[in-house]
Amino acid sequence: MRNTFFKMTTVEWSEHWNDVRKLLERPGPFTHPDFEPSPETLKVVQENIKVLVIGAGGLGCELLKDLALMGFTDIHVIDMDTIDLSNLNRQFLFRKKDIGRPKAEVAAEFINRRIAGCTVHPYYNKIQDFDESFYRGFHLVVCGLDSIVARRWINGMLLSLLNYEDEMLDQTSVIPLVDGGTEGFRGNTRVILPGLTSCIECTLDLFPPQVNFPLCTIAHTPRLPEHCIEYVRLLSWPKDNPFGEDQPIDGDDPQHITWIYEKALKRAAEYSISGVTYRLTQGVVKRIIPAVASTNAVIAAACATEVFKLATSACTPMNNYCVFNDIDGIYTYTYEHEKKEDCLACSQVPQNLEINATDKLQDLVKMLKEMAQYQMKSPALQAMINGKTKSLYLHSPASIEEKLRPNLKKTLTDLGLITGMEIAVADVTTPNTVIFKLVLKS
């Protein structure tokens, strides 16, 4: 499909859809039970289906190309990043002249120029910049992200759009999410029907563990450029960063990355270590594994195929998780990942939060960050005490954080918390406030 994409400049576009029509106008052994062959189906895809692509990087470029060539003409893409020289080896919609420009805008221009009738609408934004009404306007969402936090956030947003009547899910409110991810020569594709199948939070344990270096090596005997970067990230940032005490590192903020990069360069020079670069610094901070173009192409094709299935019913959608590995040969395996009954995001079960009554608030914050089922980044906590909403701890703004910081050293009992009390927790991993019911153990 990639070669077809680059050659198709003078082709009669009506002829291009012949292969797509064969899928939509004829019955087959793999079609969905509800599928009715019709020449009108292609017209529905071209005129009525509105698709949102999140990410215009390695996966995103492939997704935009695949979806446009499948007949989708109303495509929207969100990406908060700009084009870097290192992107050009695999993000094929970009050229050297585009360096510094927003990825979403350049990708949209390329597709709109090359594929007749297709309109890609770009948004140079964060996904958090848009509200529920924006996301409710799409029929399907497909992700090509390198951020677990962003995946969790859009997962939470689509779950928040669900409507329940008498505790029964209104399936017309379900917006399918197709998610793809790559890691070197490995990748995965999954289909999520919010409220019906397992969601991103249900599968948090499937994300690969982070590579950690021994602290003694980082502090005393660094040998690699990564050691110098980790030293600044773990030890220098909490003490010396100029952006405010307790300000978390934002891997997408150029000011944060530049500060870490410059400090790491100085430390590397002290130990005669070479190889510290801005790109490596961002890769270490964001835990980025180098991308492989062929893996991106395979996973994006799988994702686009699932979008096509969901939009047309020409084939039964995947159920619901597929892994891909081409390190030694090619291996794929598809299985159903079951919905987690007590999932923090998609279950309708109230969440109990068990902790010792003598523990301090900082222990509760640490638990929300480190326990596998939560994995929060910077939780902010509020509680209803004596009929009034009381802020227990907030990470920002700095003035409020400073005022509430003493609470971290207080026990939960001293703060007036008791068993059965509800605690509201907000975090960057979700657009929704999570409500916990506190269970204090003596």
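Modeller: Strands first: two of them pair if DSSP finds at least two bridges between them. Helices (H or I, at least four residues) and strands (E, at least two) are DSSP runs, numbered from the N terminus. This is a predicted model, where local features need pLDDT of at least 70, side-chain atom pairs count only at pLDDT 80 or more, and totals for chains, interfaces and linings use all residues. Residues are numbered from 1 along each chain as its sequence is written, and side-chain values use heavy atoms, with hydrogens and water left out.

Colleague: OK. Which strand does E12 join through 4 bridges?

Modeller: E14. E12 covers residues 380–385, E14 covers residues 422–426, and they run antiparallel. Gln 382 stands opposite Ala 424 in E14.

Colleague: And how many bridges pair E12 with E13?

Modeller: 5, again in the antiparallel sense, with E13 at residues 388–393. Met 384 faces Thr 389 in E13. The two strands E12 and E13 make a hairpin with 2 residues between them. Asn 386 sits in that turn, with a positive phi of about 55°.

Colleague: Switching to rings. How many aromatic pairs are there?

Modeller: A search of the whole structure gives 13. Rings of Phe, Tyr and Trp (its six-membered ring) pair if their centres lie within 6.5 Å; planes under 30 degrees apart count as stacked, over 60 as edge-to-face and the rest as tilted. Tyr 123 and Phe 130 are edge-to-face, 5.4 Å centre to centre with 80° between the planes.

Colleague: Why is the pair of Trp 237 and Phe 243 stacked?

Modeller: Because their planes are at 25°, with the centres 5.7 Å apart.

Colleague: Is Trp 237 buried or exposed?

Modeller: Buried, at a relative accessible area of 5%. Buried means under 20%, exposed over 50%, partly exposed in between (1.4 Å probe, protein chains only). Phe 243 is partly exposed, at 28%.

Colleague: What about the core? Which element gives the most to the largest one?

Modeller: H5, with 8 residues. A nonpolar core is a set of buried Ala, Val, Leu, Ile, Met, Phe, Trp, Tyr and Cys residues joined through side-chain atoms within 4.5 Å. The largest has 45 residues, and Leu 64, Leu 67 and Phe 72 are among those with the most contacts inside it.

Colleague: How many residues are in the other core?

Modeller: 32, including Ile 54, Leu 145, Leu 161 and Cys 343. That core lies apart from the largest one.
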